[in-house]
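This briefing is intended for a reader who is meeting the structure for the first time. Please keep the sequence and the model at hand while reading.

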Amino acid sequence: MIDKKLHDTKSEEPGAETSEVDRVKPHKGVYLLPNLFTTGALFSGFYAVIASMNGQFEAAAIAIFVSMLFDGLDGRVARMTNTQSPFGAEYDSLADMVSFGVAPAIVAFTWALDDLGKIGWFAAFLYVAGTALRLARFNTQIGSVDKRYFVGLPSPAAAAAVAGLIWMSTVFEFAAEDMAYLVALYVALAGVLMVSNILYYSFKDVDLKDKVPFLILSAIVLGIAVISISPALFLWLLFVVYAFSGPVLWLVRKKKHLAK
């Protein structure tokens, strides 16, 4: 009788019978704040496509940079507010495919590659495919690679290199048809760098909450001032330097290895 009473008492405890169900019941709802930034990145990428179709290439290029800003904020906001989720990670990856894969390729195609025929669309497709493969590889390597480095050129940086070229050329009124073949090679190379095994510094080990020497702060202020002189030119140069920093450092490491 005592054992039966104890058994009955346990079964009457709140949530005793539903605890197992709660463990397998899917959670409803998503975190609002980080996904709002992801939506902003997705919208900016979609706007870039629409703007390029209307011949507004400067606006399209700027929209891709705005998308980069939102993309950089969504992950940081999620970590700061402890609102990371598998849904947010998948949503961010899909938004990146649109904003940094499809959008730059279509903007470049409508700006300069359309007149090249098969060569033009092949270069654009190579870039899109490179972005898709880059994102898929990144998602499968999370937690298994050194966080200080990216394997392959990050898709936002590749998109900025392509969008920066279009923005700079539009501002300085360079004729797209005069350099269409160079643009095709440039876009295709960006796609190849994304799927390469070249390491790029990720800056993820930089702690913004730590103190830094005054000289570093002064250099940042100087850099912002220089970029403000001609954002189109200097932002493009910044990401071109970053894109080529990987191959250059790879050659330096290779040379040191052979010298040993």
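The points below go from the overall architecture to individual residues and surface patches.

The structure is a predicted model. The protein contains 10 helices and 2 strands, and 37% of its 260 residues count as buried.

**Overall architecture**

- Read from the N terminus, the elements follow the order α-α-α-α-α-α-β-α-α-β-α-α.
- Of the contacts in the protein between residues at least 6 apart in sequence, 82% link residues that are at least 24 apart.
- The protein has an accessible surface of about 16,400 Å², and carbon and sulfur atoms account for 69% of that surface.

- Ser93 belongs to helix H5. Its relative accessibility is 13%, below the 20% limit, and Ser93 therefore counts as buried.
- Leaving aside residues up to four places away in sequence, Ser93 is in contact with Leu135 and Asn139.
- Ser99 also lies in helix H5, and it is buried with a relative accessible area of 1%.
- Beyond residues up to four places away in sequence, Ser99 touches Ala41, Leu42, Gly45, Ile64, Ser67 and Pro104.

**Leu135 in helix H6**

- Leu135 is part of helix H6. With a relative accessible area of 9%, under the cut-off of 20%, Leu135 is classed as buried.
- The contacts of Leu135, not counting residues up to four places away in sequence, are Ser93, Asp96, Met97 and Ser155.
- Leu135 and Pro154 are separated by 19 residues in sequence, while their C-alpha atoms are 8.5 Å apart in space.

**Loop residues with positive phi**

- Asn82 is not a glycine, yet it has a positive phi of about 55°.
- The position of Asn82 is the loop between helix H4 (57-80) and H5. A relative accessibility of 61% lies over the 50% limit, so Asn82 counts as exposed.
- Glu173, likewise a residue other than glycine, has a positive phi near 60°.
- Glu173 sits in the loop that runs between helix H7 (155-171) and helix H8 (180-195). Glu173 counts as exposed because its relative accessibility of 71% is over 50%.

- The relative accessibility of Asp114 is 46%, which falls between the limits of 20% and 50%, so Asp114 counts as partly exposed.

**Nonpolar surface patch**

- A nonpolar surface patch is made up of Val212, Phe214, Ile216, Leu217, Ile220, Val221 and Ile224. Together these residues have about 710 Å² of accessible area.
- Ile220, one of the residues of this patch, is found in helix H9, which covers residues 214-229.
- At 47% relative accessibility, between the 20% and 50% limits, Ile220 is counted as partly exposed.

Definitions and conventions
Residues are numbered from 1 along each chain as its sequence is written. This is a predicted model: local features need pLDDT of at least 70, side-chain atom pairs count only at pLDDT 80 or more; totals for chains, interfaces and linings use all residues. Side-chain values use heavy atoms; hydrogens and water are left out. Buried means under 20% relative accessible area, exposed over 50%, partly exposed in between (1.4 Å probe, protein chains only). Patches are made of residues with over 30% relative accessible area and no salt bridge: like charges are joined within 9 Å, nonpolar side chains (Val, Leu, Ile, Met, Phe, Trp, Tyr) within 5 Å. Accessible areas come from the Shrake-Rupley method with a 1.4 Å probe; for residues, only the protein chains shown count as cover. A salt bridge is a side-chain nitrogen of Lys or Arg within 4 Å of a carboxyl oxygen of Asp or Glu. Helices (H or I, at least four residues) and strands (E, at least two) are DSSP runs, numbered from the N terminus. Contact means heavy atoms within 4.5 Å.
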